Amino acid sequence: MSHDPQSTSVAASAAVSNTRRARQVCVLGSAEPGSAAYELAGAAGELLAKRRITVVSRCGSPATRVAAERALAAGGVVVSIVPSDDIGLENWPCTVLIPCGMGDARNLLMALAGDACIVIG
């Protein structure tokens with residue numbers, strides 16, 4: 001059996017071009033535990049995960065943290081862009097942690113990282 005490198009390359013390129021990037025939704029905002037907005041944030045995180053949509057969040061406010069925790073519990077992927085430059089954050093609810101070292105300027109990165117944004121609170 002002969003191996004044709006050109007046909008292998010074409011097949012590999014076709015496979016890559018047919019691969020679709022997962023959709024990403026940025027979850028922003030604030031709400032306190034026990035509030036209706038807090039409960040909606042958790043439900044949003046879970047629903048996004050069940051639909052295989054990546055949650056992008058800082059996970060810093062109670063509402064965005066519960067959205068991330070519920071997304072993870074539902075088997076989803078959570079990308080957290082944090083304002084500090086510390087990659088070693090403990091107990092952070094995320095699959096991928098991105099320290100940007102930009103403080104509140106990370107909000108621009110958050111907005112750009114989502115195909116859509118959900119604002120809680």
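A disulfide is a covalent bond between the sulfur atoms of two cysteines, and here it is counted as a pair of cysteine sulfur atoms within 2.5 Å. In this structure, which is a predicted model, a search of the whole protein finds 0 disulfides. Two of the cysteines show why a bond is not assigned to them: the sulfur of C26 has its closest cysteine sulfur in C117, at 4.3 Å, which is too far for a bond, and the sulfur of C59 has its closest cysteine sulfur in C94, at 6.1 Å, which is again too far. Neither residue is at the surface, since C26 is buried with a relative accessible area of 0% and C59 counts as buried at 1%.

The overall layout comes next. The protein has 4 helices and 5 strands, and read from the N terminus these elements follow the order α-β-α-β-α-β-β-α-β. Of its 121 residues, 33% count as buried, while the accessible surface amounts to about 7200 Å², with 57% of that area belonging to carbon and sulfur atoms. Among the contacts with a separation of 6 or more, 59% are made by residues 24 or more positions apart.

Just after the helix, R52 takes a positive phi of about 60°.

G45 counts as buried, at 0% relative accessibility, and, leaving aside residues up to four places away in sequence, G45 touches V55, A67, R70 and A71. The C-alpha atom of G45 is separated by 7.7 Å from that of E69, which is 24 residues away along the chain. L47, also in helix α2, is instead partly exposed, with a relative accessible area of 46%; L47 and A74 are 27 residues apart in sequence, and their C-alpha atoms are 8.4 Å apart in space.

The relative accessible area of S57 is 0%, so S57 is buried, and its contacts, not counting residues up to four places away in sequence, are with V27, T64, V79, S80, I81 and M110.

Charged side chains supply a further set of links. The count of salt bridges comes to 4. In one of them the side chains of R21 and D115 meet at 2.9 Å, N to O; this pair links distant parts of the chain, with R21 in the loop between α1 (5–17) and β1 and D115 in the loop between α4 (106–112) and β5, 94 residues apart. R21 counts as exposed at 52% relative accessibility, while D115, at 46%, is partly exposed.

Another salt bridge joins the side chains of R70 and E46 at 2.7 Å, N to O. Because R70 lies in helix α3 and E46 in helix α2, this pair ties together parts that are 24 residues apart in sequence. Both partners are partly exposed, R70 with a relative accessible area of 29% and E46 with 23%.

E69 counts as partly exposed at 36% relative accessibility, as does R65 at 24%. Salt bridges that share partners also join E46, K50 and R70 into one network.

How values were computed
Residues are numbered from 1 along each chain as its sequence is written. This is a predicted model: local features need pLDDT of at least 70, side-chain atom pairs count only at pLDDT 80 or more; totals for chains, interfaces and linings use all residues. Side-chain values use heavy atoms; hydrogens and water are left out. Buried means under 20% relative accessible area, exposed over 50%, partly exposed in between (1.4 Å probe, protein chains only). Contact means heavy atoms within 4.5 Å. Helices (H or I, at least four residues) and strands (E, at least two) are DSSP runs, numbered from the N terminus. Accessible areas come from the Shrake-Rupley method with a 1.4 Å probe; for residues, only the protein chains shown count as cover.
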